[in-house]
Amino acid sequence: MMATTIFIWLRLGEVAESYKSAVIISGLVTFIAAYHYFRIFNSWVEAYSYDGDSLTPTDIPFNDAYRYMDWLLTVPLLLIEIILVMKLTPEESQSKSITLGAAAALMILAGYPGEIVLDADQASTRWMFWGAAMLPFSYIVYTLLVGLSGATNAEEDAEIRGKIKQAQVLTVISWCTYPVVYIFPMMGITGSNVVVAIQ
């Protein structure tokens with residue numbers, strides 16, 4: 001991730017002016033992600049020991065908040081990055097960046113309280129937060145695939161139009177892992193298995 005940040009920022013001079021902001025954001029996203037992945041790794045190593053067969057919790061709790069803090073920063077930026085490469089007026093870009101960025105932040109904030117509930121006895125609480133997070137999630141997916149289709153199709157260069165569509169679809173596909181992984185504890189997966197499955 002950090003190598004990607006360095007590469008992206010070193011190549012910024014080769015990028016067309018209209019795409020520079022999006023490319024800078026790409027580098028920022030990979031920088032933020034690299035930092036948080038190091039923190040997540042260190043927290044995992046401190047929280048669990050592995051004896052060759054199973055994970056054993058230590059006295060230090062695993063800090064799942066690093067992942068959510070990463071998402072709180074990077075998910076809105078990823079959406080803004082897509083917006084910035086589309087054929088939108090400056091006003092439309094600003095409006096869509098604000099609404100999608102806010103929806104992304106709301107999705108992350110709504111999901112986190114349920115994420116820390118791993119006890120099967122509290123599955124209804126986790127379902128409640130899952131449902132709350134799915135509302136902005138659904139809005140984002142709809143906006144990426146349907147709401148912005150006019151702006152995507154307005155791109156005259158077929159190759160660029162195809163890449164924008166690909167970014168939209170791949171973003172949605174990769175994000176669809178989130179609602180599935182979130183329900184693992186509600187499917188009866190418990191203990192260290194659920195912790196590993198969520199990660």
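Here is a short chat about a predicted protein model, from its overall make-up to a few of its residues.

Colleague: Hi! I'm new to this one. How many helices and strands are there in the protein?

Modeller: Welcome! This is a predicted model, and the protein has nine helices and two strands.

Colleague: And in what order do the elements run from the N terminus?

Modeller: The order is α-α-β-β-α-α-α-α-α-α-α.

Colleague: Nice. What does the C-alpha trace span along its principal axes?

Modeller: The C-alpha trace spans about 55 × 35 × 25 Å. The protein has 199 residues, and 40% of them are buried. Its accessible surface is about 11100 Å², with 65% of that belonging to carbon and sulfur atoms.

Colleague: Let's go inside, then. How many residues are in the largest nonpolar core?

Modeller: That core has 29 residues, and the ones with the most contacts inside it are Leu79, Met86, Met107, Ile140, Leu144 and Leu148. At least two residues each come from helix H3 (65-84), helix H4 (90-115), helix H5 (123-147), helix H7 (158-175) and helix H8 (177-182).

Colleague: Which helix gives the most to this core?

Modeller: H5 does, with seven residues. Another core, of six residues, lies apart from it, and Ile40, Ala47, Phe62 and Tyr66 are among its members.

Colleague: OK, new topic: rings. How many aromatic pairs does the structure hold?

Modeller: There are five aromatic pairs. One of them joins Trp127 and Trp130 edge-to-face, at 5.3 Å centre to centre and with 85° between the planes.

Colleague: Where do Trp127 and Trp130 lie?

Modeller: Both are in helix H5, three residues apart, which is about one turn of the helix.

Colleague: Why does Trp127 count as partly exposed?

Modeller: Because its relative accessibility is 39%, and partly exposed covers the range between under 20% for buried and over 50% for exposed. Trp130 also counts as partly exposed, because its relative accessibility is 24%.

Colleague: Got it. Which residues do ring pairs link into a cluster?

Modeller: That cluster is made of Tyr68, Trp71, Tyr112 and Tyr178.

Colleague: Now the outside. Which residues form the nonpolar patch on the surface?

Modeller: The patch is formed by Met2, Ile6, Trp9, Leu10, Ile24, Leu28 and Phe31, and together they have about 640 Å² of accessible area. Helix H1 (2-10) and helix H2 (20-47) are the elements that give two or more residues to the patch. H1 has the largest share, with four residues.

Colleague: Where is Trp9, and is it buried or partly exposed?

Modeller: Trp9 sits in helix H1. Trp9 is partly exposed, because its relative accessible area is 37%.

Colleague: And Phe31, where is that found?

Modeller: Phe31 is in helix H2. Phe31 is partly exposed too, with a relative accessible area of 38%. Leaving aside neighbours within four places in sequence, Phe31 is in contact with Met2 and Thr5.

Colleague: How far apart in space are Phe31 and Leu106?

Modeller: Phe31 and Leu106 are 22 Å apart, C-alpha to C-alpha, and 75 residues apart in sequence.

Colleague: Last one! Among contacts with a separation of 6 or more, what share comes from residues 24 or more positions apart?

Modeller: Those residues account for 67% of such contacts in the protein.

Note on methods:
Residues numbered from 1 in each chain as written. Predicted model: local features only at pLDDT ≥ 70, side-chain atom pairs only at ≥ 80, totals over all residues. Heavy atoms only, no water. Patch = residues over 30% accessible without salt bridge, like charges linked within 9 Å, V, L, I, M, F, W, Y side chains within 5 Å. Areas by Shrake-Rupley, 256 points an atom, 1.4 Å probe, with all protein chains shown as cover. Salt bridge = Lys/Arg side-chain N within 4 Å of Asp/Glu carboxyl O. Buried < 20%, exposed > 50% of the residue type's maximum accessible area, 1.4 Å probe, protein only. Core = buried A, V, L, I, M, F, W, Y, C linked by side-chain atoms within 4.5 Å. Phe/Tyr/Trp six-rings, centres within 6.5 Å; stacked < 30°, edge-to-face > 60°. Contact = heavy atoms within 4.5 Å.
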